Amino acid sequence: MAAAAPPPPPSPAPTLPPQNNPIGHPLFARIRLATKSDVPHIHKLIHQMAVFERLTHLFSATESSLSSTLFDNNLSPPFHSFTVLLLETSPTPFPQTHYSTSFTPITKSFTFDLPIADPEPDLFKSAENNGAVVAGFVLFFPNYSTFLAKPGFYIEDLFVRECYRRRGLGKMLLSAVAALAAKLGYGRVEWVVLDWNVNAIRFYEEMGAQVLQEWRICRLTGENLQAYARMPDYNN
């Protein structure tokens, strides 16, 4: 019987084309100083925040009132008065554009397993022409600690749209304010959180913030505030 023929040599492994795109879905984020032209987006973000916090009955801000109070030409420079930082996201890198000499935009890239499905890309379309959208904002202003004898920042609002939450973007906004405070030699950054928002409380604690259970907010507003204008001692 003739010997069996040797098996053929194994076929070479196929050569795959180089992968030019990263694995996953990239997202590019930028934080920049807001301008007066951003007021329509800021107004919509504040309304969405009021809906999330179940406080729409307290929401009365308009684009006009925001424009006149946040971006009045007579206000102090950014970081010495009311300051808004805007968070934008894009599927492609942002151009090196400086909107203000007071603040250099902060950029960061992320890669996620799944793409982010933004249900309102047209409503929050950015002025950029690269598919960028506005994803959130932070509004803050200086306060003062007599115990530390140092100024600080008080964060009035920090908000990220729902589809962009739990992706590190809120941390990026808060870190930007904290970095500014540290750079300016300020003593602390403070804000409040709703007691039912356990996810936010956990997030803040993980960032190193103390949640001060023993303090309560006192607020004088509306008719109760206006009543003081009618007191005789204040009409002289």
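The accessible surface of the protein chain comes to about 15900 Å² in this predicted model. Carbon and sulfur atoms account for 56% of that surface. Of the 236 residues, 32% count as buried.

The chain contains 5 helices and 6 strands. Along the sequence, these elements follow the pattern β-α-α-β-β-β-β-α-β-α-α.

Nonpolar side chains tend to be buried together in soluble globular proteins. In this model, the largest nonpolar core has 30 residues. Ile31, Leu85, Leu87, Phe140 and Phe153 touch the most other members of this core. Helix 3 gives the largest share, 8 residues.

The surroundings of Leu85 were examined with residues up to four places away in sequence left out. A second, separate core holds 16 residues. Met49, Leu70, Val84 and Val134 are among them.

Helix 2 spans residues 63-70, and its buried residues are Leu66, Ser67 and Leu70. These three lie on the same side of helix 2, because they cover an arc of only 100 degrees around the axis. The cover over the buried residues of helix 2 includes helix 1 (39-52), strand 2 and strand 4. Leu70 also belongs to the second core.

Ser126 sits in the loop between strand 3 and strand 4. Its relative accessibility is 6%, so Ser126 counts as buried, the cut-off being under 20%. The side chain of Ser126 makes a polar contact with the side chain of Glu88, at 2.6 Å. With neighbours within four places in sequence set aside, Ser126 is in contact with His41, Glu88, Ala132 and Val133.

Conventions. Residues numbered from 1 in each chain as written. Predicted model: local features only at pLDDT ≥ 70, side-chain atom pairs only at ≥ 80, totals over all residues. Heavy atoms only, no water. Core = buried A, V, L, I, M, F, W, Y, C linked by side-chain atoms within 4.5 Å. Buried < 20%, exposed > 50% of the residue type's maximum accessible area, 1.4 Å probe, protein only. Helix = DSSP H or I, 4+ residues; strand = E, 2+ residues; numbered from the N terminus. Contact = heavy atoms within 4.5 Å. Arc of directions from axis to C-beta. Polar contact = N/O pair within 3.5 Å; in protein donor to acceptor, adjacent residues only side chain to side chain. Areas by Shrake-Rupley, 256 points an atom, 1.4 Å probe, with all protein chains shown as cover.
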